[in-house]
Structure formats: structure tokens, C-alpha cells
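Hi everyone, thanks for making time this morning. I'd like to walk you through one chain, going from the overall picture down to a few single residues. Please have a look at it first.

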Amino acid sequence: MKFFRFVDDYRIAEINVPVIPGIMPVINAAQIRRMVTMCGASFPVRFQKIIHKYEDNKEALFDAGMSYALSQIIDLLVSDIDGIHLYTMNNPLVARKICEGIRHII
């Protein structure tokens with residue numbers, strides 16, 4: 001994950017400020033494509049496969065996007081990061097699913 005390389009680099013540089021990763025579960029293919037176009041972000045191959053496979057199935061994309069986001073959150077939590085910023089896009093179902101998915105591990 002690029003975030004971990006970034007953390008390693010800033011620790012080597014002896015920068016002592018928290019760096020908080022942001023996680024936004026992808027539950028809408030059109031929304032994420034628009035965001036990628038606007039900011040020029042890149043996405044891992046696994047993420048791209050999820051979008052491609054489930055973009056026409058709203059329920060499947062929701063489940064796969066939540067699963068992908070939860071796996072990222074777990075990777076971050078076990079790596080002792082300083083915190084996580086969740087982008088739920090004002091969707092209470094997304095927030096609830098994340099809380100349910102990590103309630104026993106935090």
C-alpha cells in the first residue's frame with residue numbers, strides 16, 4: 001500500500017506529526033470514476049477489478065466495496081497507524097457497516 005511507503009519515508013525523515021489515512025468505501029461506480037477524473041488518483045488492480053465486475057450490480061458493488069474498505073481498515077489498525085478518517089459521504093448505512101465490521105477489533 002502506498003500509504004505505508006509514505007509513512008516509512010516520513011519516519012525516516014524524522015517528521016513527527018500524525019498522518020491520518022482516509023478510507024472511502026466505494027459503493028457507487030460513477031461517483032468514484034468522477035472523483036478519479038477530478039483528482040488523478042490511481043487505484044490498485046484489485047480495486048479496479050471490483051469496480052469492473054460489479055459496477056452494474058448496486059448491491060454487489062456495495063458489499064464488495066465495503067469488504068475492500070474493511071480490509072484496508074484492518075490492515076491500517078494492525079499497523080499501528082495514528083487514526084483513520086472515514087469518508088461515508090453522509091451515508092449512515094456505510095458508517096454503520098464499518099462500525100459493525102470492526103467493533104470487535106478496535
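So, to begin: how many helices and how many strands does the chain have? There are five helices and two strands. Here helices (H or I, at least four residues) and strands (E, at least two) are DSSP runs, numbered from the N terminus. Read along the sequence, they follow the pattern α-β-α-α-α-β-α.

A word on what we are looking at. This is a predicted model, in which local features need a pLDDT of at least 70 and side-chain atom pairs count only at pLDDT 80 or more, while totals for chains, interfaces and linings use all residues. Residues are numbered from 1 along each chain as its sequence is written, and side-chain values use heavy atoms, with hydrogens and water left out.

How confident is the predictor? pLDDT is its confidence in each residue, from 0 to 100, and the chain averages 92, with 100% of the residues scoring at least 70. Confidence is lowest in helix 2, at a mean of 87, and highest in helix 4, at 96.

Now the overall dimensions. The C-alpha trace spans about 45 × 35 × 25 Å along its principal axes. The accessible surface comes to about 7400 Å², and 55% of that belongs to carbon and sulfur atoms; these areas come from the Shrake-Rupley method with a 1.4 Å probe, and for residues only the protein chains shown count as cover. Of the 106 residues, 28% count as buried. By buried I mean under 20% relative accessible area, by exposed over 50%, and by partly exposed anything in between (1.4 Å probe, protein chains only).

Contacts tell us something about the fold as well. Contact means heavy atoms within 4.5 Å. Among the contacts with a separation of 6 or more, 67% are between residues 24 or more positions apart.

Let's go to helix 1, residues 2–12. Which residues of this helix are buried? They are Phe3, Val7 and Tyr10. Seen down the axis of helix 1, these buried residues fall within an arc of 70°, so they line one face of the helix; the arc is that of the directions from the helix axis to the C-beta atoms. The face turned away from that buried side carries the exposed residues Lys2, Asp9 and Ile12. What covers the buried residues of helix 1 includes helix 4. Following the helix comes Glu14, whose phi is positive, near 60°.

Helix 2, residues 29–39, is next. Its residues Ala29, Gln31 and Ile32 are buried. They cover an arc of only 160° around the axis, which puts them on the same side of helix 2. Thr37 and Met38, on the other side, are exposed. The buried residues pack against helix 3 (45–54) and helix 4 (58–78). At the start of helix 2, a side-chain oxygen of Asn28 reaches to within 3.0 Å of the backbone nitrogen of Ala30. Just after the helix, Gly40 takes a positive phi of about 70°.

Staying in helix 2 for a moment, there is Arg33. At 40% relative accessibility, Arg33 counts as partly exposed. What does Arg33 touch, not counting residues up to four places away in sequence? The answer is Ile51 and Glu55.

Asn28 also gives us a handy distance. Its C-alpha atom is separated by 9.7 Å from that of Asp56, 28 residues apart along the chain. Asp56 is found in the loop between helix 3 and helix 4, and it is exposed, with a relative accessible area of 75%.

Towards the end of the chain, please look at the loop between strand 2 (85–86) and helix 5 (92–102), where Met89 sits. Met89 has a positive phi of about 55° although it is not a glycine, and at 42% relative accessibility it counts as partly exposed. Asn90 is in the loop between strand 2 and helix 5 too. Its phi is positive, about 60°, although Asn90 is not a glycine, and with a relative accessible area of 78% this residue is exposed.

Last, the cysteines. How many disulfides are there? Taking a disulfide as a pair of cysteine sulfur atoms within 2.5 Å, the count comes to zero. Cys39 is exposed, with a relative accessible area of 58%, and Cys99, at 49%, counts as partly exposed.

Key
A polar contact is a pair of N or O atoms within 3.5 Å; within protein, one must be able to donate a hydrogen and the other to accept it, and residues adjacent in sequence count only if both atoms are side-chain atoms. pLDDT is the predictor's confidence in each residue, from 0 to 100.
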